[in-house]
Structures are given as structure tokens and as C-alpha cells.
Amino acid sequence: MGQTDVSPATTIRDRVLVALQTAESDDAEGIRARTLRLVKCAMRDRDVTARGQGNCAGCEDTEVRKLLEVMVAQREVSAREYDESGRIADAEREREEMEILQSFLPQPLAGDALETAVDNVVSDLEATKLKDMGRCMAELQNRYPGRIETGPAGKAVRRALR
């Protein structure tokens, strides 16, 4: 088994790199290790681009999150196309990679957590009318980046503003 990292990995980048070390020690040629190597290369590419634009620290966690979201979307499209062409094994591989990538993305707010977040935003912005919905949605996305699904959040904001 791989070594356990005692220090908490706070950023997505840290979590990916720790998981890559573990995956490589467990099975260097497994799908998890290969997928995480792709993520590491893509992060490195974004770092080079960021440094070229004057950001010496490299890309931020929000950029890494967006990168993972794009990679998940690419795999969804590929899996669908493989299914349509009868290449079931390739479609399954794409879905496995998708699951690995999604495990590093923040989970969307739902249920009571979403209702609490909406109530807090509505009260902080002193929103009272449906006219304020845009402001509330923008503030929700600012406070909880990558964790707001627009459909359920929009319904929750509408309920709170009535």
C-alpha cells in the first residue's frame, strides 16, 4: 500500500499530486495513475501560461477546478460517442476517468446546505423581490465557487424571495 500523507492537502492541486503519488506506488500503469498524470501535465501547462502572463505562482485553484470540469466534459462527450459507435470498452474507460476527475471537484450544494446558503445570501443582500434574483445568484457563485448548480439554486432563490 502507499504511504499516507499526514498533512491535510487543502488545494485541488495538492490533492491531485498526493493521489498521484499514491496511485503510482500502488499501480503505476493503472487507470488512476494515468489519468492523474494527464491532470498533472495539464496543470503544468496552465502554470507555464500563467507565468507567461506575469503570475509567478502559477495557476490558482479556481483555474485547476475549471480545468477538471473541462476534462470531465470532454470525457462525457467521448463516452457518448463511443457508445453510439459500439465501442463499449472505450466508453467504460472514459467513464472511469470521469469518476476519477470528479472525485477532485467540490460537491455541489444541495438540500439543507443549499437552502442555508441561499437564506444567508438573501438576508445579507437584503433581497426581497424576484428582481434581486440575479444579484443573489451572482453572490452565491462568488461565495461557493464550483459548488452551485444553477437550476436547483435558482429554484431555491425564487422560493426565498417570495
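Which residues have the most contacts inside the largest nonpolar core? This is a predicted model, in which local features need pLDDT of at least 70 and side-chain atom pairs count only at pLDDT 80 or more, while totals for chains, interfaces and linings use all residues. Residues are numbered from 1 along each chain as its sequence is written, and side-chain values use heavy atoms, with hydrogens and water left out.

Select Val 16, Leu 36, Val 39, Leu 68 and Phe 104, which have the most contacts inside the largest nonpolar core, a set of 22 residues. Such a core joins buried Ala, Val, Leu, Ile, Met, Phe, Trp, Tyr and Cys residues through side-chain atoms within 4.5 Å, where buried means under 20% relative accessible area with a 1.4 Å probe, protein chains only. Two or more residues each come from helices H1 (12–26), H2 (31–52), H3 (61–84) and H4 (88–102), and H2 gives the most, with 6 residues. Helices here are DSSP runs of H or I with at least four residues, numbered from the N terminus.

Next, centre on Leu 36, which touches Val 16, Ala 19, Leu 20, Ala 23, Ile 100 and Phe 104, leaving aside residues up to four places away in sequence; contact means heavy atoms within 4.5 Å. Apart from this core lies another, of 16 residues, among them Leu 109, Ala 117, Leu 140 and Val 157.

Finally, show helix H5 (residues 111–125) with helix H6 (residues 133–143), whose axes, lines fitted to C-alpha atoms over the stretch in contact, come within 10 Å and cross at roughly 120 degrees. Among the residues that meet there are Ala 117 and Val 121 in H5 and Cys 136 and Leu 140 in H6.

Conventions. Axes fitted to C-alpha atoms, helices over the stretch in contact; angles between N-to-C directions. Buried < 20%, exposed > 50% of the residue type's maximum accessible area, 1.4 Å probe, protein only.
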